[in-house]
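Okay, thanks everyone for coming.

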Amino acid sequence: MTNRKTLTTLTLLALLVPILFISGCTGDLSAEEIAKQMQEKEANIQDYSYTMQMTSYFGNQTQESEVRTLQKKPDKMKTITIKPEEEAGTIVVSDGEFIWTYDPKTNTVTKMEMPDTPILGR
């Protein structure tokens, strides 16, 4: 009985997967249409967050870093350093006009004007 259920389930999956795959293919889109759809979707995003993990190689040295970033449109941003250990807990916050950096080791805050260069996502 168990083999029959397994066979029925596998048969159902074998039929459903191609149907679901084909139903997702609604037609060919040009590069311009894809770009337009992406821009429309991006315009609807109000805030987002991500954790970035990087490995950098400098000759024989390897450095791993991990940063948690939160962004809110139009220009608010917060970044928290998780790795490397010697920088863990460092927080960078921006309101679009100024950047504040908190260093937990020295318990100090540095305030700077935002540069004129664009930030990712803006």
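Let's start at the hairpin of S1 and S2: there are 2 residues between the strands, and Gly59 takes a positive phi near 60°. A quick word on what you're looking at: this is a predicted model, where local features need pLDDT of at least 70, side-chain atom pairs count only at pLDDT 80 or more, and totals for chains, interfaces and linings use all residues. Residues are numbered from 1 along each chain as its sequence is written, and side-chain values use heavy atoms, with hydrogens and water left out.

When I say helix or strand, I mean DSSP runs numbered from the N terminus: H or I with at least four residues for helices, E with at least two for strands. Strands pair if DSSP finds at least two bridges between them.

S1 covers residues 47-58, S2 covers 61-72, and they're antiparallel over 12 bridges. For instance, Ser49 has Leu70 as its bridge partner in S2.

Now zoom out. The open sheet has 6 strands, in the order S1-S2-S3-S4-S5-S6, with antiparallel pairing. At the edges sit S1 and S6 (108-113), each pairing on one side only.

Further along, S4 (residues 91-94) and S5 (residues 98-103) run antiparallel, joined by 4 bridges. There, Ser94 stands opposite Ile99 in S5.
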